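Open the model in your viewer and keep the selection tool at hand. This tour tells you what to select next and what is there.

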Amino acid sequence: MEKLIIFDTTLRDGEQAPGFSMTVEEKVKMALQLEKLGVDVIEAGFAAASEGDFEAVKRVAQEVKNAKVCSLARALQSDIDKAGEALSYTENRRIHTFIATSPIHMQYKLKMTPDEVVERAVEAVKYALKYTDDVEFSAEDAVRSEREFLYRIFEAVIKAGAKTINVPDTVGYAIPEEFGQLIADIKNNVPNIDKAVISVHCHNDLGLAVANSLAAVKNGARQVHATINGIGERAGNAALEEVVMAIKVRHDYFKGIYTTINTKEIYKTSRLLCRITGSFVQPNKAIVGDNAFAHEAGIHQHGILAHRETYEIMRAEDVGVPKSKIVLGKHSGRHAFKTRLQELGYTNLSDSEIDTLFAKFKKLADKKKEVFDEDIEALILEEFSFFENEVKVKYFHVLSGDNVIPSATVKLEKYGEEIVSTACGDGPIDSVINATEKALGIKGKLLDYTIRSLSSGKDAMGEVRVLVRFDDTDYVASGKGTSTDIIEASLKAYIDAYNKYVARKAFMEKRISEGV
């Protein structure tokens, strides 16, 4: 068995992408989650780039205990000094130094001869050894470099003391077959390559970063640079979650290769990055996208319900997603619809009743992109019972501020009778819900609360969705409310959930009394 080292550069290369900058505290928080995920090396930043980056590398070095902490440094003594100083707070450290090796970079950017580049690289590696015995050297733009020159510079830096040599596809130019061959050629033509780990760093300009990384692993690379969600310069880097899960799922192909990543932390790590950066992954993103384990097509849903492996090559739970999701829409079949009815607790419906509901569901699905649980319940209660909403909102008033105790007064109408109640809470929404529960003599446990804007502008219409368990029952009621006032929308959503709870309770009691 051979271990594949996972070198995470989310905090360095990932952060360089526009819109993904992180504060020092955010980097520390992210680094601690990466450590929990089980990455081997965390590249915390480019210490010489700014005081903020220096502080970030320093703080991560102080906080992280298990993963190796790394700083990038150009092949300059001043950069290496900064990296060494920032990393001095941990014994488990690495300096990652680099210089460009392609003819176009050497001629136009560096304005150096190949001999000067080799000399600078060797000097940088030797100088970095003052601070740590773990030095990684990268040949920037290696894919567009001349092979013989790559062999020469890698041999020289390994001889100088580099323990890892990194082969970057800096501009995302490579094709998997040729990149794999490049790694094989380096392995076969650098005389002292057995004294170093071959690493790769692939960019995604052609959408091939993960494919190139895996081709490299197949041909001898034993370290991969990657980022969470694939963030990074331009089109991004190889996505860590995709590389890791490809190795795990296709262990038959990558024989004997493994990682020590705790895959059940993948989803959590992805979502933390989204919260920190304010970004989102596209729904169809592999492994961590919202649709990665979602199924809408009827044929797929039937297969999944019959046997998961018909359409899923890995379990949602393996990457930390609670479970795969059956999304009900116009492509869904009767089998999936019946299963959802049973999950909602409607287990005593006859086949003819299910057929009637399914026909109504199909008509609704043609009008909506996705049919939610509350839509299905509305269909059931509309078809088989005729209960009007038990409770309606007549009036509410909220008092809140930084120097007052939040409180709310609500006036509700219940079967024609008006009820007024006042209560306090942690904030205006908590107060108005407490007042509602006091008025109705109930107790609900709020399981989920989501809010989204339905339009743009400061007067946008907001939609609130809630999931509530009332009176310690097993039934979870969903509710929805809309308003330009988010407190009003929250109150409407809560009342909507309560009315569904009452209607469902009456419906089930009626069915039982009828002996169904």
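Which residue forms a salt bridge with Arg 94? Select Arg 94 and Glu 136: their closest N and O atoms are 2.7 Å apart. A salt bridge here is a side-chain nitrogen of Lys or Arg within 4 Å of a carboxyl oxygen of Asp or Glu. The pair links distant parts of the chain, with Arg 94 in strand β5 (residues 93-100) and Glu 136 in strand β6 (residues 135-140), 42 residues apart. Both Arg 94 and Glu 136 are buried. Buried means under 20% relative accessible area, exposed means over 50%, and partly exposed lies in between (1.4 Å probe, protein chains only).

**Before you go on**

This is a predicted model, in which local features need pLDDT of at least 70 and side-chain atom pairs count only at pLDDT 80 or more, while totals for chains, interfaces and linings use all residues. Residues are numbered from 1 along each chain as its sequence is written, and side-chain values use heavy atoms, with hydrogens and water left out.

**Stop 1: the whole chain**

Show the cartoon. The chain has 16 helices and 18 strands. Both are DSSP runs numbered from the N terminus: helices are H or I with at least four residues, strands are E with at least two. Of the 516 residues, 52% count as buried. Now think about contacts, meaning heavy atoms within 4.5 Å. Among contacts with a separation of 6 or more, 65% come from residues 24 or more positions apart.

**Stop 2: the barrel**

Color the strands. Eight of them close into a barrel in the order β2-β3-β4-β5-β6-β7-β8-β9, and the pairing is parallel. On average, neighbouring strands of this sheet are turned by 25° against each other, direction ignored. Strands of a sheet pair through backbone hydrogen bonds, either parallel or antiparallel. Two strands count as paired if DSSP finds at least two bridges between them.

Zoom in on β6 and strand β7 (residues 164-169). They pair in the parallel sense over three bridges.

**Stop 3: more salt bridges**

The count for the model comes to 27 salt bridges. Select Asp 40 and Lys 3, whose closest N and O atoms are 2.6 Å apart. Asp 40 lies in the loop between α1 and β3 (41-45) and Lys 3 in strand β1 (residues 2-3), so the pair ties together parts that are 37 residues apart in sequence. Asp 40 is buried at 15% relative accessible area, whereas Lys 3 is partly exposed at 31%.

Next, select Arg 152 and Asp 115. This salt bridge has its closest N and O atoms 2.6 Å apart. Arg 152 is in helix α6 (residues 147-160) and Asp 115 in helix α5 (residues 114-128), so parts 37 residues apart in sequence are tied together. Arg 152 is partly exposed, with a relative accessible area of 38%.

Salt bridges that share partners also join Lys 68, Arg 94, Asp 134 and Glu 136 into one network.

**Stop 4: helices in contact**

Select helix α2 (residues 51-63) and helix α3 (residues 77-86). They pack at an angle of about 35°, with their axes 8 Å apart. Axes are lines fitted to C-alpha atoms, for helices over the stretch in contact, and angles run from 0 to 180 degrees between N-to-C directions. Glu 51, Phe 54, Val 57, Lys 58 and Ala 61 in α2 meet Lys 82, Glu 85 and Ala 86 in α3.

Move to helix α9 (residues 240-249). Its buried residues include Leu 240, Val 243 and Ile 247. The buried residues of α9 pack against several elements, among them β2 (5-8), α1 (24-37) and α10 (266-277).

**Stop 5: cysteines and loops**

How many disulfides are there? The count is zero, where a disulfide is a pair of cysteine sulfur atoms within 2.5 Å. Cys 70 is buried at 0% relative accessible area, and Cys 274 is buried at 8%.

Most residues other than glycine have a negative phi. Select Asn 229, in the loop between β9 and α9. Its phi is positive, near 65°. Ile 287 also has a positive phi, of about 75°. Ile 287 sits in the loop between α10 and β11 (294-295) and is buried, with a relative accessible area of 8%.

Finish at Asp 194. Is it buried or exposed? Asp 194 is exposed, with a relative accessible area of 61%.
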